[in-house]
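Please read the numbered points with the sequence and the structure at hand.

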Amino acid sequence: MTTEYTKPVPIPGGLHGTTLGDFTKPFWEATKRHELVIQRCRQHDGFFFYPRELCPVCLSDDLEWAPVSGRGRVHAFTIVYQPNDPRFNEEAPYVYAVIQLDEGARMISNVIDIEPHDVQVDMPVVAVYEDITPEWTLVKFKPA
Amino acid sequence: MTMRGAAAIVGFSEIPTRRTYEGRTALGLMAEASRDAMADAGIRKEEIDGLVVEGGSFYPAPIGEYMGLNPNFVTGVSTMGASGATATSVAAMAIYSGLATTVLVTLSEARTAGSPWGSPASPGLRTEFEDPYGPAVAANTGYGLMYSRHMHEYGTTQEQLANIAVNQRFNSLENENAVFRGQPLEIDDVLNSRYINYPIRLLESVMPCAGGGAIILTSAERAKSLKNKPVYILGAGIACDPLSGWQRERLTRSVVTRSAPIALGMAGYGPSDIQFAQFYDCYTILHAVCLEDAGLVPKGEIGPFFASTDTTYKGEFPINTDGGQLSCGQPGDAGGFRHVMEATRQIMGRAGVRQVERNDLCLVNG
């Protein structure tokens, strides 16, 4: 969509930089298709996020990447006026939120298409996709 | 068997918190505080056989080497802002276990002008799944999330929590070690200060500073023959939870739900026995949540508590009697150490104008 994207793109490094660079590829390949795919543990039949090599609930390695609905709720949010990274200064204030997916997992994202101070905890949201560079697509959320 | 009462703090020294200490090093500040803490305790350097430091940024060996110590038991603790209180607990454990008889705990931050608190540079969870969404500066993001969730679950208001900053500022007015000494604060000042990240405003956040301190602990037996009133460690509890706040099951619960019962149980006291408290306060919201989770205030009622309770050193339940980090400034991971030092000062009866009357039993959260 743009070659002028100046904000940080995802830098994969695995959990705390200790695992394989390709590990999270299924997630990012899905966002490029405008789909949300996260890990599901077959052992306890539950979704989790962020990606891990073992399930954080039961430590099983019987995992799969599985599609989710992209629907969820704002579990908590903060409106950023002073970003950590100055490349976001122009965009501030914006909403940085914890999204609780209907399938149970939580992820960090932005809530867009709404005045920041109109956002409320527990409001329903739905995933939207931003093709920020030819390589990367971010998943964001808007009011459902 | 527990370590209840086995060890006591017998001396301390605080490096006044300032925005920076230009030309000074972290090791130099630690050596200065340690020298003065030893003098305060009446302990000779040769008697120090244990050393506990902040281990996220420093190894113990170079710190011992810098000040010519030859300790037996050494370790670094790396619990970020909680390192001061953790180090104190570990020192008491070392004495109780027989690994050392007299332990020096020292932490410092020698901040340079203009330096923010950085974020980890190596790629990982944060660079992949958080940074593209623009987290707020410093550690603000997670506490902003906690704040909005607490407001939602319990009806807590920003006006209620502004009292934390105001009361602590009153406590710091005559504290020479505090960055904001002599600068009174009103509720409206807090509510009119700019947002860093809603709901957190500037005056509900700590200021990055330089400073540090040192304390000396020794056995209860040895403490009796020293000049200062011993400050006995009756109980301690340490707990840890996910670094990423959004990975916690309840965003409005802190690890104090687990650490406080361990500490109180060891001491044999309940929350209602506590006479005054020194509690971690990087942001008003975390301070509020920790007070709830220790059982000092019922869960969810911290807003009304601060709206109706005088928590200054003159009040019915004094909290952060030196002004805390919010009014003294936060010297990095040495910041939470101030709560140990101020509890020591109060229990020894050396807090001067801000001395609390009931000073026997303090709960410290680092």
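1. The structure under discussion is a predicted model.

2. Overall make-up of chain A. Chain A contains one helix and eight strands. Along the sequence the order of these elements is α-β-β-β-β-β-β-β-β. The radius of gyration of chain A is 16 Å, close to the 15 Å that the globule rule gives for 144 residues, so chain A is as compact as a globular protein of that length. Taken along the principal axes, the box filled by its C-alpha atoms is roughly 45 × 35 × 25 Å.

3. Burial and contacts in chain A. Of the 144 residues in chain A, 34% are buried. When contacts in chain A between residues at least 6 apart in sequence are considered, 49% of them join residues at least 24 apart.

4. The three-stranded sheet of chain A. Three strands of chain A form an open antiparallel sheet in the order E2-E1-E3. Its edges are strand E2 (46-48) and strand E3 (63-67) of chain A, each of which pairs on one side only. On average, and with direction ignored, neighbouring strands of this sheet are turned by 45 degrees against each other. Within the sheet, strand E1 (residues 37-41) of chain A pairs with E2(A) in the antiparallel sense over three bridges. A:Arg40 has A:Phe47 of E2(A) as its bridge partner.

5. The contact between the chains. How many residues of chain A are in contact with chain B? There are 34 such residues, and they are in contact with 29 residues of chain B. On the side of chain A that touches chain B, the elements giving two or more residues are strand E4 (71-80), strand E5 (94-101) and strand E6 (106-111) of chain A. E4(A) supplies the largest share, five residues. By type, the residues on this side of chain A divide into 20 nonpolar, ten polar and four charged.

6. Strand pairing across the two chains. E4(A) also pairs with a strand of the other chain: E4(A) and strand E5 (residues 195-198) of chain B run in the antiparallel sense over two bridges. A:Ile79 is placed opposite B:Tyr198, and A:Val80 has B:Asn197 as its bridge partner.

7. E5(B) pairs in the antiparallel sense with E6(B), over two bridges. A hairpin through one residue joins E5(B) to E6(B). B:Asn197, the bridge partner of A:Val80, stands opposite B:Ile200 in E6(B).

8. The residue B:Leu202. Where does B:Leu202 lie? B:Leu202 is in the loop between strand E6 (200-201) and E7 of chain B. Is B:Leu202 buried or partly exposed? B:Leu202 counts as partly exposed because it has 16 C-beta neighbours inside 10 Å, whereas a buried residue needs 20 or more. Leaving out residues up to four places away in sequence, B:Leu202 touches B:Ser193, B:Arg194 and B:Ile196. The C-alpha atom of B:Leu202 is separated by 9.6 Å from that of B:Tyr283, which is 81 residues apart from B:Leu202 along the chain.

9. The six-stranded sheet of chain B. Six strands of chain B form an open sheet of mixed pairing, in the order E3-E2-E4-E7-E1-E8. Strand E3 (73-77) and strand E8 (231-232) of chain B are the edge strands, and each pairs on one side only. Strand E2 (residues 50-54) of chain B and E3(B) pair in the parallel sense over five bridges. In this pairing B:Val53 stands opposite B:Gly76.

10. Helix H3 (residues 83-97) of chain B lies across strand E1 (7-18), E2, E3, strand E4 (102-109) and strand E7 (210-219) of chain B, and runs at about 165 degrees to E4(B). Helix H13 (residues 337-348) of chain B packs on the sheet as well, touching E1, E4, E7 and E8 of chain B, with its direction at about 55 degrees to that of E7(B).

11. The nonpolar core. The largest nonpolar core has 138 residues, of which B:Ala91, B:Val103, B:Ile215 and B:Leu217 touch the most other members. H3(B) gives the largest share of this core, eight residues. Apart from neighbours within four places in sequence, the contacts of B:Leu217 include B:Ala91, B:Ala92 and B:Ile95, as well as B:Val103 and B:Val105.

Key. Residues are numbered from 1 along each chain as its sequence is written. Chains are lettered from A and ligands numbered from 1 in the order in which they are written. This is a predicted model: local features need pLDDT of at least 70, side-chain atom pairs count only at pLDDT 80 or more; totals for chains, interfaces and linings use all residues. Helices (H or I, at least four residues) and strands (E, at least two) are DSSP runs, numbered from the N terminus. The radius of gyration is taken over C-alpha atoms; the globule rule is 2.2 Å times the number of residues to the power 0.38. A residue is buried if 20 or more other C-beta atoms lie within 10 Å of its own, exposed if 12 or fewer, and partly exposed in between; C-beta atoms are placed from the backbone. Two residues are in contact if their C-beta atoms, placed from the backbone, lie within 7 Å. Ala, Val, Leu, Ile, Met, Phe, Trp, Tyr, Cys and Pro count as nonpolar, Asp, Glu, Lys and Arg as charged, and the others, Gly among them, as polar. Two strands pair if DSSP finds at least two bridges between them. Axes are lines fitted to C-alpha atoms, for helices over the stretch in contact, and angles run from 0 to 180 degrees between N-to-C directions. A nonpolar core is a set of buried Ala, Val, Leu, Ile, Met, Phe, Trp, Tyr and Cys residues joined through C-beta atoms within 7 Å.
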